[in-house]
Amino acid sequence: MRLSNRFSPRRYVLGGAMILVVLIYLVRLFYIQVISDDYKSAAADIAFLRKTLYPSRGLIYDEKGRLVVYNRSTADIQVIMREVKNLDTLAFCALLGISSDELRERLEEVKDKKKNRGYSPYTPQLLFTQLSPEQAGLLEEKLYKFPGFYIRRNTARDYLHSAAALILGNVGEVNRAQIDADPYYVPSDYAGTTGIEKSYERFLRGQKGTSVLLRDAHGRIQGKYEQGKLDEELTSGHDLTLSIDIALQEYGEKLMRGKRGAIVMIEPETGEIRAMITAPAYDPKLLVGKDRGDNYKMLASDPAKPLFNRATMGVYPPGSTFKPVQSLVFLQEGAITPSTAYTCHHGYPLLRGKPACHGHPSPLDLTHALATSCNAYFCWGLHELLDNRARYPDVRTAFEHWKDHVVDMGFGYRTGVDLPSENRGYIPNSKVYDKVYHGRWNSSTIISISIGQGEVLATPLQIANFGALLANRGYYYTPHLVKSISGLPSDSLYVERHESGISRGYFDPVVTGMRMAVTGGTCRKANLPDFEVCGKTGTAENPHGKDHSLFLGFAPKDDPKIAIALVVENAGFGATYAVPIGRLMLDFYLHDGKISDSSKHYETEMMNAVIRE
């Protein structure tokens, strides 16, 4: 009796433990069978194959309706590792024309969770991409011999032109960040990685579909489940019509061969970009197909940086192309009038001839100062604006007014163009100079900004956008590359008008001065016989080598159809390279793809020119 009493507590403990274990198993069983989808999914994967159907990516046309980017048939090989059994490596490799080492390395990469964070032995993994239809057909006939391997029919981008690579962008395999950010994507999907392909990805990609297929006990496909009742339809992507004129784009890229720089042309009436050239350029076909990776490494390692979009990301001192900006600020602020005349003795007299200037008549009024690109005139203007205490109580207040006007004309911030990775350029504020000069500064301290040097930096796109503002006499539209999206209304962002805050009447003397620069000043090479071109040269100091050559212009003067800005790096004076190239681009555009006889010798000269650093 005493022995029985001694073991009674243990009996209850053991009984309780057994009951607890049973309860744990029951709860776990309930979770697996009722709540969790893991085993349901595994069972379903054995009985069914849910095949994702990939939509055709939207096509891309130029502004005249010419096809630029299309899709060609291709295929990918996917593998479900848990299904791979008794792989005949030699036979598989012979079908694809690859070595067994290449296959082995690729399979190891697929299983490496550090490189392939989305890896699971139960889900399809991308093994090889962009097979030709012939390769895919050969493999598909023998696929029953290779359990676990699947063909995914797909499309790859192809191009009818060898131009506009950085505008169009390219398509690549999605990364983990994209998968985490958007449930649309799964590992091995493709998406736009740069350019228009990236900016308009959600319109171009379309909507995936699903086909549910039934498997037998051996994993062989028996056909559609319930005659396709559970299938989901796919939707093709939207087509894009660009504002780019592909013929103009190609012509500009030919002119810029052997050079570095950028050209941007904008239709002032709409803000549509007709050409955006960056040099050096590359053929977009290089980043398609099996050699895509090797070609990308080649381009990325090129010291000329062909993957860098100089039009939107390159920042340059605008040089004398900034003088029309200064003119408008000085006029609006009342620092000068169109008839105000200043002296120039081969430079700015208050600083003993610095900045220096070339020989021309003196004194000059505003229009003649623009025509001859007089440095001293704009130094005097900045002095009157910043240092005249009858105007503002201190230099900081005066400078902030200057800065606000410049920003309102499209500088210092991103324009909002529909491309990724736009640079904002740089326009300093008074705090910058307070910090550098400890609060003791005036116009003479920062005189370089009066002629577009010093701290002022701009992208070619910003300079071209200012050209559109000049052409419109005071306003611009957000520059953009996409004209329309099939099936969708126009984006209201690009019909919004941005006002400069400069009175319209102040544009007349500035435009007159730019016209005089073409007829008898620094831009004479831009003078087309049948169109009134207005222009401004620029020679921007470059601390890393020869000066950069710039040109800003628009035409015709009184009914503007196009604005242009271009930079030719390390090319010296603006009139040497930038002006004749600008003339040719305007000539080609205004004459609908033809070059006038008066421009032929410039064409020959610029096509053959090669500029070394």
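This is a predicted model: local features need pLDDT of at least 70, side-chain atom pairs count only at pLDDT 80 or more; totals for chains, interfaces and linings use all residues.
Trainee: Where is aspartate 587 found?
Mentor: Aspartate 587 lies in helix 20, which covers residues 578-590.

Trainee: What does the side chain of aspartate 587 make a polar contact with, then?
Mentor: Its partner is the side chain of histidine 591, at 2.5 Å; leaving aside residues up to four places away in sequence, aspartate 587 also touches Leu528, Lys594, Ile595, Ser596 and Ser599.

Trainee: Switching to rings, how many aromatic pairs are there?
Mentor: The count comes to 18. In one of them, the rings of tyrosine 377 and phenylalanine 378 have centres 5.4 Å apart and planes at 65°, so that pair is edge-to-face, and both residues are buried.

Trainee: Why is the pair of tyrosine 433 and tryptophan 441 tilted?
Mentor: Because their planes are at 50°, with the centres 5.2 Å apart. Tyrosine 433 counts as buried at 1% relative accessibility, and tryptophan 441 is buried too, at 7% relative accessible area.

Trainee: Which cluster do ring pairs link them into?
Mentor: One that joins Phe322, Phe399, Trp402, Phe411, Tyr433, Tyr437, Trp441 and Phe466.

Trainee: What sits over the ring of tyrosine 475?
Mentor: The charged end of arginine 497, 3.6 Å from the ring centre; likewise, the charged end of arginine 205 sits over the ring of tyrosine 184, 4.0 Å from its centre.

Methods: Residues are numbered from 1 along each chain as its sequence is written. Side-chain values use heavy atoms; hydrogens and water are left out. Helices (H or I, at least four residues) and strands (E, at least two) are DSSP runs, numbered from the N terminus. A polar contact is a pair of N or O atoms within 3.5 Å; within protein, one must be able to donate a hydrogen and the other to accept it, and residues adjacent in sequence count only if both atoms are side-chain atoms. Contact means heavy atoms within 4.5 Å. Rings of Phe, Tyr and Trp (its six-membered ring) pair if their centres lie within 6.5 Å; planes under 30 degrees apart count as stacked, over 60 as edge-to-face and the rest as tilted. Buried means under 20% relative accessible area, exposed over 50%, partly exposed in between (1.4 Å probe, protein chains only). A charge sits over a ring if NZ of Lys or CZ of Arg is within 6 Å of the ring centre and within 35 degrees of the ring normal.
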